[in-house]
Amino acid sequence: MKKSIIILTLLAVTATSCNLDKFPHNQVSAESMQTQENAIAATIGNYALFKATPGYAGDIFVRHNQQLHEFKSDNILMSGKSTDALFLAATFQDSEVDDNVKVYWAQGYRICYATSNVINVIPDDTEDAVMRHIKGENLFLRAMAHLLMSEVFSQPYSFGRDNPGIVIRTSAMTSTPVRATVGEVYDQIEADLKKAIELMTGGKRRGDNGYADVNSAKALLARVYLQEERWQDCIDLCDDLLSGGNHLDPDYEHLFQFSRTSEEVLWCIANAMTADDYIGGKQVGQMHYSQGENGKAGSPGQQGWGEIYYSQPLLDLFERYPNDLRLTTMREKYDPNPAKKMIYWPVDSGQGTLENNIDPNPVDNGDGTWKAKDGDGVSHIIKQENVNSYPRWYFEDGGKHVYVSVADSSGCRLPDDRYPINYCKKYVHQEGNVTDYALQSSPAMLRYAEVILNRAEAYAHLDKVGEALDDVNTIRHRAGLTGAADFTSGNMAARGYDNVLDVVLDERRMELCFEGFRTLDLQRNKKQLDRRYAGMQPNAVYEYNDPRIIYRIPQVEINASGIEQNQR
Amino acid sequence: MTTPESKNTSFPDGYAGEDVSWGQSFGTTNILRYSQTFGGKHSVSALLGLEWGTGWDRGLGASGTGIANGIRVLSSLNPYEISSYWTETESWSAFGQAMYSYMEKYVFSATLRADASSVFAPGNRVGYFPSVSASWLISNEDFMKAQNIISFLKLRASWGTTGNSGIGNYRFYDTYSFDKAYQYEEKAGGVPQTNGNPNLKWETAVKMNVGLDVSVKNIISASLDFYSNQNRDLLLNNPNISYTSGFTGRLENIGVVQNTGVELSVTSNNIVKRNFRWSTTLNIGHNRNVVKQLANNEPLYAGTTTVKQVYQPGIPMFSWYMPKWLGVDPETGDPLWEHFVTEADLELGVYDSNEYKVGDRVPSNALNFSDSQIVGCAQPDFSGGLVNTFQWGNFDASLNLTFQVGNEVYNYTRITLDADGAYPSFNSMSLNNGLGWVRWVEDDESTHAIATHPKAKLNGNKNANGATSRYLEDGSYLRIKNLTLGYTLPSNILKKIHMKNLRVFLSFDNLYTFTKFSGVDPEVNIAGNTESNPPAGTYNSNYPKYRFYSLGVNVKF
């Protein structure tokens with residue numbers, strides 16, 4: 001009995017003295033990360049959040065950002081169906097339960113929270129030069145995240161400062177979140193960027209264009225001033241940035257394929273040429289390109305979905321000057337055959353959209369006109385006329401002119417398809433790779449072309465026509481358009497422009513297409529969004545203040561915090 | 001010449017990987033027992049126990065590319081990926097049990113356990129779990145000994161609690177992760193990963209059970225059990241936190257789920273003769289999992305944007321939540337779904353307020369105008385099995401059937417493979433599958449009234465292939481799970497070859513499944529939680545069950 005008591009006691013002592021404190025070996029405590037020693041590692045993580053995949057490979061911030069911004073614009077033709085929520089955005093059927101807005105909102109706030117952690121542990125007056133620059137970079141990233149989310153989830157600044165904006169996140173959450181006003185959000189963004197400029201002045205970029213520096217912050221602030229209609233502030237900042245030259249990359253392919261090193265790029269989200277940064281489905285280029293063999297467009301290709309094409313109105317704008325480098329180097333057709341022509345024009349599909357009626361074998365009448373058949377077999381005479389001084393092909397239908405496209409024969413995605421492929425190559429072939437990692441890109445979020453166009457628009461609003469056109473022509477010269485292709489106050493009217501703002505907006509449209517600017521450019525300038533062109537997107541026109549242009553706040557957020565939802 | 005190793009287009013030069021895992025666990029269980037009988041009638045026993053366990057697991061993986069034919073090790077390859085992991089846990093338990101029985105007719109027992117685990121924060125590490133049970137062996141009573149029809153009758157009941165700590169390690173700390181996803185320009189970065197919860201504690205399951213075992217004349221015996229289990233403080237990821245915090249969820253003890261059911265098992269020795277025996281066993285059970293409580297009692301959704309299940313108090317778990325498919329419009333071939341008339345509809349004149357009121361169900365051919373509702377449940381109404389065994393001389397046979405009735409399976413593959421033309425570059429399911437599928441064809445009037453599939457259109461017909469109850473199918477099935485035929489050598493031959501036993505058998509597994517399900521196999525996983533994606537009960541190109549034919553020999557020396 002005594003022996004058993006001894007054994008029992010020993011066992012009891014052993015058992016209760018065991019150590020139940022276990023700490024993970026693959027993670028680091030939050031406490032230890034929120035210090036200056038670890039600020040660099042945390043900052044690397046903050047950059048990575050713009051392109052990191054928390055779950056499904058396609059759920060990354062930069063991809064959703066490009067799609068949410070660009071896919072509602074009149075630049076894109078949606079050529080196929082998809083179960084991905086991007087299809088809902090492109091066809092204006094998006095709602096508060098879509099995955100893309102949910103992930104975009106979550107990742108955006110992850111960035112705001114993580115950058116705030118670093119910002120709040122570094123004092124403004126620190127003597128450590130590296131820490132000053134780190135704090136500046138994090139302020140820039142936080143401002144970028146707040147700004148991009150504001151553009152998606154709240155009304156443009158020009159509609160009023162008191163409209164509901166997004167939630168401002170500058171420290172750990174300690175109370176129920178509320179939506180700040182648009183004015184308050186933009187004030188926070190401006191304060192962050194001004195502080196970032198102050199801290200990064202005199203410093204140096206810590207690597208390639210994937211890292212921010214003082215000019216990245218200045219360029220973003222210039223964009224903010226433009227949105228806030230502070231024209232002179234915008235011009236002054238742009239003058240500062242452009243004082244050393246216009247920094248435009250003379251080669252478009254180099255600009256986009258080598259965005260990490262091109263002198264034109266002020267900040268890009270860097271993807272390395274490694275398997276980790278090329279997980280299937282996450283590349284922004286996937287929707288814009290389908291890779292066949294040897295870097296040529298394929299249909300359907302071995303890599304990429306390639307369902308987004310240039311819209312016909314955007315192509316028509318470029319076709320006014322067919323040697324525009326932006327068209328010849330960035331646009332790719334599938335299987336083009338210059339020896340043959342095809343003629344197509346949009347017709348009602350019966351499903352609320354327009355589809356192309358394509359005649360692959362039009363007859364050349366030999367006298368500068370063509371004969372093309374429509375879906376009912378009726379032949380039309382295709383003639384040319386000048387519209388706003390540019391040639392356009394058309395046929396007469398009951399007294400009206402129906403405008404058509406006469407183009408080199410090229411292929412569609414599928415044999416019976418109604419949309420000839422016109423891919424945009426801004427997001428593929430990083431560093432010239434056309435086989436391995438062919439759809440890789442490091443999307444440029446800020447570049448000098450935008451700075452020049454921001455200044456041009458500010459000049460236009462201040463009625464400084466000469467200065468605005470100078471900036472527009474700088475862009476055009478880089479695109480290979482010179483001489484008669486220049487815009488002057490004398491030739492503007494004949495080309496269909498009754499004010500210089502429209503010239504600037506069209507140049508912005510061509511230069512910055514597929515980069516996420518167009519929808520907001522139309523909205524804040526109170527222009528209609530006209531999507532009456534072929535594609536799977538609805539055949540419709542939207543007024544600048546149509547509530548459907550803004551996205552809905554994710555329902556999971558409304559459920560959790562009860563913040564106000566956007567009206568529809 | 002290339003070997004099969006190099007055929008993967010992602011790794012055209014070949015790929016090889018090695019994974020090693022090792023670990024260690026140590027456990028000790030110490031039990032002290034006591035038993036004593038008093039006065040021939042009262043029997044008492046008790047036990048006291050102490051357990052302690054600790055363990056760690058580690059793993060290391062490395063892979064490389066560029067493998068030459070015939071090479072099987074990594075040393076000549078270009079490094080591709082390396083990874084490793086290391087986790088540790090520790091736990092202890094103390095428990096005691098006491099049992100008392102009177103005259104071997106009445107038995108009572110009570111238990112108390114204390115469990116502690118390192119996965120919880122300090123202060124919440126120990127959970128206490130009591131239980132009691134009683135049983136009454138009625139057939140040992142004097143009044144039962146008088147008759148000889150019922151040879152065994154026992155009534156039993158129990159109530160008990162157990163704990164579950166299977167939540168994964170380290171969930172209560174605030175941590176940063178250095179996962180590869182957070183590399184930038186090939187440098188390692190850290191980001192906030194876990195929103196720690198220092199209040200995490202044990203999940204408790206409260207189980208109640210009442211059962212009756214009966215045997216009639218040793219021919220038929222049956223067991224009937226009623227049970228009601230409640231799982232409380234379920235450790236679920238609570239996604240109902242503001243994403244503006246920088247996190248999308250936090251592990252919390254929220255949620256109560258009730259699991260009730262009844263199970264019947266009957267075994268019958270139908271024929272027992274010297275040379276021929278036939279017995280049957282039937283198992284049948286009905287089970288319902290119902291959510292009782294959630295954080296804020298807000299509905300939670302499992303699944304994707306479109307294919308959803310709702311978790312809501314009072315609703316059975318795994319309830320499908322999506323627009324209801326009403327069929328095909330006989331006039332136009334359009335798809336139709338159900339919409340509930342709203343105030344706004346009546347105000348805007350979309351529906352005439354003289355004919356309709358709010359909440360009326362009307363058909364609509366626009367998917368985004370249709371409303372999501374609960375349209376079915378992935379849980380079956382009942383399930384079970386039937387086994388028949390035969391023995392005739394030296395031949396034996398057994399037939400094992402399993403069945404499940406009333407579960408609704410979501411056939412996810414039909415979104416792309418039965419899409420009325422929405423995915424023109426994909427293969428399509430044939431409509432000639434004996435399920436009465438008919439496509440609406442404009443020129444063929446005979447299809448109009450009986451159409452199950454809308455008019456086909458290139459690039460799809462009004463989102464008819466959207467995720468709705470159109471693809472929710474009855475997953476009931478009856479499966480011939482196993483048929484075995486055997487022959488045992490007679491004893492005189494066995495003696496000659498000096499064997500104790502030799503039996504030859506032919507066995508068929510998964511011989512045939514009777515079902516109206518249009519996919520390959522209606523048996524899908526019906527276990528899951530709010531993080532399951534796709535949700536439990538979804539069929540998505542699942543591998544079918546193999547049909548096995550085997551021939552075997554049992555030998556005993």
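How many salt bridges does the rule find across the interface of chain B and chain A? In this predicted model, the rule finds 1 salt bridge there. The side chains of B:E185 and A:R260 form it, with an N to O distance of 3.1 Å.

Polar contacts across the interface of chain B and chain A come to 14 residue pairs, both residues being at pLDDT 80 or more. On the side of chain B that touches chain A, at least two residues each come from β1 (15-38), β2 (42-65), β3 (78-102), β4 (106-117), β7 (175-177), β8 (183-184), β9 (187-188) and β10 (191-194) of chain B. The largest share, 7 residues, is supplied by β3(B). By residue class, this side of chain B holds 26 nonpolar, 25 polar and 11 charged residues.

The extent of the interface is summarised below.

| Item | Value |
|---|---|
| Residues of chain B in contact with chain A | 62 residues |
| Residues of chain A in contact with chain B | 71 residues |
| Area buried between chain B and chain A | about 5900 Å² |
| Part of that buried area on carbon and sulfur atoms | 60% |

The area lost when parts come together is often used to state the size of an interface.

Strand pairing also links the chains. Strand β1 (residues 27-29) of chain A runs antiparallel to β7(B), and 3 bridges join the two strands. Within this pairing, A:V28 is opposite B:Y176 of β7(B). The strand β7 (175-177) of chain B is also one of those that supply at least two residues to the side touching chain A.

Methods
Residues are numbered from 1 along each chain as its sequence is written. Chains are lettered from A and ligands numbered from 1 in the order in which they are written. This is a predicted model: local features need pLDDT of at least 70, side-chain atom pairs count only at pLDDT 80 or more; totals for chains, interfaces and linings use all residues. Side-chain values use heavy atoms; hydrogens and water are left out. Contact means heavy atoms within 4.5 Å. Buried area is the accessible area (1.4 Å probe) that two parts lose on being put together, summed over both. A salt bridge is a side-chain nitrogen of Lys or Arg within 4 Å of a carboxyl oxygen of Asp or Glu. A polar contact is a pair of N or O atoms within 3.5 Å; within protein, one must be able to donate a hydrogen and the other to accept it, and residues adjacent in sequence count only if both atoms are side-chain atoms. Helices (H or I, at least four residues) and strands (E, at least two) are DSSP runs, numbered from the N terminus. Ala, Val, Leu, Ile, Met, Phe, Trp, Tyr, Cys and Pro count as nonpolar, Asp, Glu, Lys and Arg as charged, and the others, Gly among them, as polar. Two strands pair if DSSP finds at least two bridges between them.
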